[in-house]
Amino acid sequence: MTYPADIPAPIAMLAELTYRCPLSCPYCSNPIEMAKKETELDTQIWADVFAQAAKLGVLQLHLSGGEPASRRDLVALVAAARKAGLYTNLITSAIGLTQRRLADLEQAGLDHIQLSLQGTDAEMADRIGGYKGGFERKMQAAKWIVEAGFPLTLNAVVHRQNLHQLPEAIEMAVAMKARRMEVAIVQFHGWAMLNRQGMMPTRAQAEEANEIVAAARKRLKGVMVIDYVPADYHSDYPKRCMGGWGTTGLNVTPDGLVLPCHAAQTIPSLQFENVRDKALADIWYHGAAFNAYRGEDWMQEPCKSCDRRKLDFGGCRCQAMAIAGEAAATDPVCIKSPLHDKMTELAHNLSSGDNVELVYRKSP
């Protein structure tokens with residue numbers, strides 16, 4: 001089978017091994033309706049998917065969930081990824097990791113660990129994660145990870161209820177000897193969409209976060225790299241979502257659906273193919289969902305004639321669906337969108353509530 005020369009090969013794949021997770025984070029990007037354990041791909045199928053991904057051109061494999069450590073075959077899956085020649089990153093809450101299991105993962109060929117952070121103290125972290133004792137276990141695991149020699153990235157998802165801890169979180173990452181930190185202001189998809197009223201940051205918080213990250217990047221240059229996902233609803237231009245739809249990465253769900261991004265299932269017009277039924281390369285190059293918003297032909301005005309269209313590709317399709325009700329619309333974050341003022345007003349209204357009860361994620 002021949003593939004279009006004008007479509008680049010993906011460089012990264014997110015493998016959502018399971019939706020099972022001991023934590024109940026109300027900002028989780030997993031879908032509300034989650035695939036059950038009985039439908040998860042088995043070890044052999046995942047190993048085949050990893051081999052197909054490497055052949056397709058994927059270089060980086062991110063093992064995620066849910067909590068990937070909930071899979072008893074995690075070590076075997078890492079070994080399969082190493083056999084395929086993939087650089088493998090484990091994205092984890094650390095619940096389910098022990099010194100022995102970390103040693104086994106190192107032996108199997110795991111390259112990197114990305115550790116989630118819900119707060120800088122037990123009171124905040126355990127409340128947001130919905131797991132008593134989780135913070136203490138996370139801090140212990142972080143020491144084991146560094147002692148084992150794994151490169152560590154600390155992933156801090158921040159929102160209205162914990163943004164005041166951002167300076168402390170950055171210092172914590174340095175103290176933990178993290179080589180990289182990702183500061184991500186919560187993205188409102190999945191369970192986070194149910195919790196916008198309780199988690200939407202204020203504009204003042206968003207602007208302060210921008211300043212804190214900028215200062216930390218300058219101060220910590222050469223010590224720790226800081227990646228930053230700013231607050232969408234308080235921005236004037238959208239982020240370059242996924243580096244462009246169907247251009248750099250793909251996701252595989254626990255039951256084998258192949259998605260252009262983790263929230264793509266929120267677009268009801270799209271149909272997704274399964275690795276059980278079709279080759280990964282065929283899905284990437286010819287899948288209807290992947291071709292739906294590739295390039296520029298799908299764009300409407302003002303995106304179609306905008307000089308930023310090659311910079312941000314019109315922004316996030318899932319966000320356009322959520323706010324504008326149409327996936328092909330200009331991302332309402334953009335100041336050129338006719339819905340930008342509506343989004344600004346929405347952000348203000350959502351960020352003004354106090355003592356809002358959070359809806360906690362439920363495992364399948």
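This is a predicted model: local features need pLDDT of at least 70, side-chain atom pairs count only at pLDDT 80 or more; totals for chains, interfaces and linings use all residues.
Where does Arg 20 sit in the chain? You'll find Arg 20 in the loop between strand S1 (12-16) and helix H1 (43-56). Leaving aside residues up to four places away in sequence, Arg 20 touches Lys 37, Glu 40, Gly 66, Glu 67, Ser 70, Arg 71, Ser 363 and Pro 364. Two of those names, Glu 40 and Arg 71, come back in the next part.

## A network of charges

Arg 20 belongs to a network of salt bridges that also takes in Glu 40, Arg 71 and Asp 73. Within that group, Glu 40 and Arg 71 form a salt bridge, and their closest N and O atoms are 3.4 Å apart. This pair ties together distant parts of the chain, 31 residues apart: Glu 40 lies in the loop between S1 and H1, while Arg 71 lies in the loop between strand S2 (60-64) and helix H2 (74-84). Are Glu 40 and Arg 71 buried or exposed? Both Glu 40 and Arg 71 are buried.

## Other salt bridges

How many salt bridges does a search of the whole structure find? The search turns up 13 salt bridges. One of these joins Arg 100 to Asp 104, with the closest N and O atoms 3.6 Å apart. Both residues sit in helix H3 (residues 99-108), and because they are 4 residues apart there, about one helical turn separates them. Arg 100 is exposed, with a relative accessible area of 63%, whereas Asp 104 is partly exposed at 30%.

Another salt bridge links Lys 239 with Asp 232, and here the closest N and O atoms are 2.8 Å apart. Lys 239 counts as partly exposed, at 28% relative accessibility. Asp 232, on the other hand, is buried, with a relative accessible area of 7%.

## The sheet

Now for the strands. An open sheet is built from 9 strands in the order S7-S6-S5-S4-S3-S2-S1-S8-S9, and the pairing is mixed. At the edges stand S7 and strand S9 (258-259); each has a single partner strand, so one side of each has no neighbour in the sheet.

Let's walk along part of that order. Strand S3 (residues 87-92) pairs with S4 in the parallel sense over 4 bridges, and Thr 92 has Leu 115 in S4 as its bridge partner. To get from S3 to S4 the chain passes through H3, making a right-handed β-α-β crossover. S4 and S5 also run parallel, joined by 5 bridges. Across this pairing, Ile 113 stands opposite Leu 152 in S5, and Leu 117 stands opposite Ala 156 in S5.

S5 then pairs with S6, again in the parallel sense, over 6 bridges; Val 157 stands opposite Ala 184 in S6. On the way from S5 to S6 the chain goes through H6, and this β-α-β crossover is right-handed.

Why is S4 described as largely enclosed by the rest of the structure? Because 6 of the 6 residues of S4 are buried. His 112, Gln 114 and Ser 116 point one way from S4, while Ile 113, Leu 115 and Leu 117 point the other way.

S5 is mostly covered too, with 7 of its 7 residues buried. On one side of S5 you have Leu 152, Leu 154, Ala 156 and Val 158, and on the other Thr 153, Asn 155 and Val 157. Helix H5 lies across S4 and S5, and runs at about 160 degrees to S4.

## Helix H6

Which residues of helix H6 (residues 166-175) are buried? They are Leu 166, Ala 169, Ile 170, Met 172 and Ala 173. These residues cover an arc of only 160 degrees around the axis, which means they lie on the same side of H6.

What do the buried residues of H6 pack against? Their partners include helix H5 (134-147) and helix H9 (203-219), along with strands S4 (112-117), S5 (152-158), S6 (180-185) and S7 (225-229). Just after H6 comes Lys 177, which takes a positive phi of about 65 degrees.

Conventions: Residues are numbered from 1 along each chain as its sequence is written. Side-chain values use heavy atoms; hydrogens and water are left out. Helices (H or I, at least four residues) and strands (E, at least two) are DSSP runs, numbered from the N terminus. Contact means heavy atoms within 4.5 Å. Buried means under 20% relative accessible area, exposed over 50%, partly exposed in between (1.4 Å probe, protein chains only). The arc is that of the directions from the helix axis to the C-beta atoms. Two strands pair if DSSP finds at least two bridges between them. Axes are lines fitted to C-alpha atoms, for helices over the stretch in contact, and angles run from 0 to 180 degrees between N-to-C directions. A salt bridge is a side-chain nitrogen of Lys or Arg within 4 Å of a carboxyl oxygen of Asp or Glu. A crossover is right-handed if, with the strands pointing away from the viewer, the path from the first strand over the helix to the second runs clockwise.
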